[in-house]
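Work through the exercises below with the structure open beside the text. Try each task before reading its solution.

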Amino acid sequence: MLEHGGNKILPVIPQLIVPIKNALNTRNHKVICTTLKILQQLVTSADMIGEALVPYYRQILPIFNLFKNWNSNLGDHIEYGQQRRENLGDLINETLEAFERHGGEDAFINIK
């Protein structure tokens, strides 16, 4: 739906915030990873969506703060979660970069 929604996505952004917040609050690793990937796709799916999400950062970003340092330090071992994009810390950084890139001039201030 995100690929073909185009300009129909923007009006429903306020209705998406509560389900996104609930998904992030589950604190389930797989659910959070999937939600972060969807948020990245949502921001890039159409124009102005990144800017429309900026007022809702206060509801979404606190959960990011809890998990941003969840990078696996395995030493010499290989972490296969990177290949499948399941490393939570990396996904949060990618999502924040996407928010900053597509969120307009107020995005950086609100993220910090």
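Helices are DSSP runs of at least four residues, numbered from the N terminus. The model is predicted.

**Exercise 1. Describe the secondary structure of the chain.**

Solution. 
- Step 1: Count the elements. The chain has seven helices and zero strands.
- Step 2: Starting at the N terminus, the elements read α-α-α-α-α-α-α.
- Step 3: Look at burial. Of 112 residues, 37% are buried.
- Step 4: Look at the contacts. Among those with a separation of 6 or more, 68% are between residues 24 or more positions apart.

**Exercise 2. Locate Arg27 and Met48, and decide whether each is buried, partly exposed or exposed.**

Solution. 
- Step 1: Find Arg27. This residue sits in the loop between α2 (13-25) and α3 (29-45). Its phi is near 60°, which is positive although Arg27 is not glycine.
- Step 2: Find Met48. This residue belongs to the loop between α3 and α4 (49-53).
- Step 3: Apply the cut-offs. Buried means under 20% relative accessible area and exposed means over 50%, with partly exposed in between.
- Step 4: Classify. Arg27 has a relative accessibility of 48%, so Arg27 is partly exposed. Met48 has 49%, so Met48 is partly exposed.

**Exercise 3. Classify Thr35 by its accessible area and name the residues that Thr35 touches.**

Solution. 
- Step 1: Thr35 is part of helix α3.
- Step 2: Compare with the cut-off. The relative accessible area of Thr35 is 9%, so Thr35 counts as buried.
- Step 3: List the neighbours. Leaving out residues up to four places away in sequence, Thr35 touches Ile20, Ala23 and Leu24.

**Exercise 4. Find the aromatic pairs and say how each is arranged.**

Solution. 
- Step 1: Recall the description. A pair of aromatic rings is described by the distance of the centres and the angle of the planes.
- Step 2: Count. There are two aromatic pairs.
- Step 3: Take Tyr57 and Phe99. Tyr57 is in helix α5 and Phe99 in helix α6, 42 residues apart.
- Step 4: Take Phe64 and Phe99. This pair is stacked as well, with 6.2 Å centre to centre and 15° between the planes. Phe64 lies in helix α5 and Phe99 in helix α6, so the pair ties together parts 35 residues apart in sequence.
- Step 5: Tyr57, Phe64 and Phe99 make up one aromatic cluster.
- Step 6: Check burial. Tyr57 and Phe99 are buried. Phe64 has a relative accessible area of 4%, so Phe64 is buried. For Phe99 the value is 1%.

**Exercise 5. Describe the linings of the largest pocket and the second largest pocket.**

Solution. 
- Step 1: Start with the largest pocket. The space in it is about 400 Å³. Its lining has 15 residues, and Leu61, Leu96, Asn110, Ile111 and Lys112 lie nearest the centre.
- Step 2: Name the elements. Those giving two or more residues to this lining are α5 (57-67), α6 (88-102) and α7 (107-111).
- Step 3: Sort the lining by class. The largest pocket has seven nonpolar, three polar and five charged residues.
- Step 4: Turn to the second largest pocket. This pocket holds about 150 Å³ of space. The lining is Met1, Leu2, Gly5, Ile9, Val12, Leu16 and Leu42.
- Step 5: Sort again. The second largest pocket has six nonpolar residues, one polar and no charged.

How values were computed:
Residues are numbered from 1 along each chain as its sequence is written. This is a predicted model: local features need pLDDT of at least 70, side-chain atom pairs count only at pLDDT 80 or more; totals for chains, interfaces and linings use all residues. Side-chain values use heavy atoms; hydrogens and water are left out. Buried means under 20% relative accessible area, exposed over 50%, partly exposed in between (1.4 Å probe, protein chains only). Contact means heavy atoms within 4.5 Å. On a 1 Å grid over the protein atoms alone, a cavity is a set of points where a 1.4 Å probe fits but cannot get out, and a pocket is an open set with protein on both sides within 12 Å along at least five of seven lines; lining residues have an atom within 4 Å of a point. Grid points are joined across faces, edges and corners, and a volume is the space filled by probe spheres set on the points. Ala, Val, Leu, Ile, Met, Phe, Trp, Tyr, Cys and Pro count as nonpolar, Asp, Glu, Lys and Arg as charged, and the others, Gly among them, as polar. Rings of Phe, Tyr and Trp (its six-membered ring) pair if their centres lie within 6.5 Å; planes under 30 degrees apart count as stacked, over 60 as edge-to-face and the rest as tilted.
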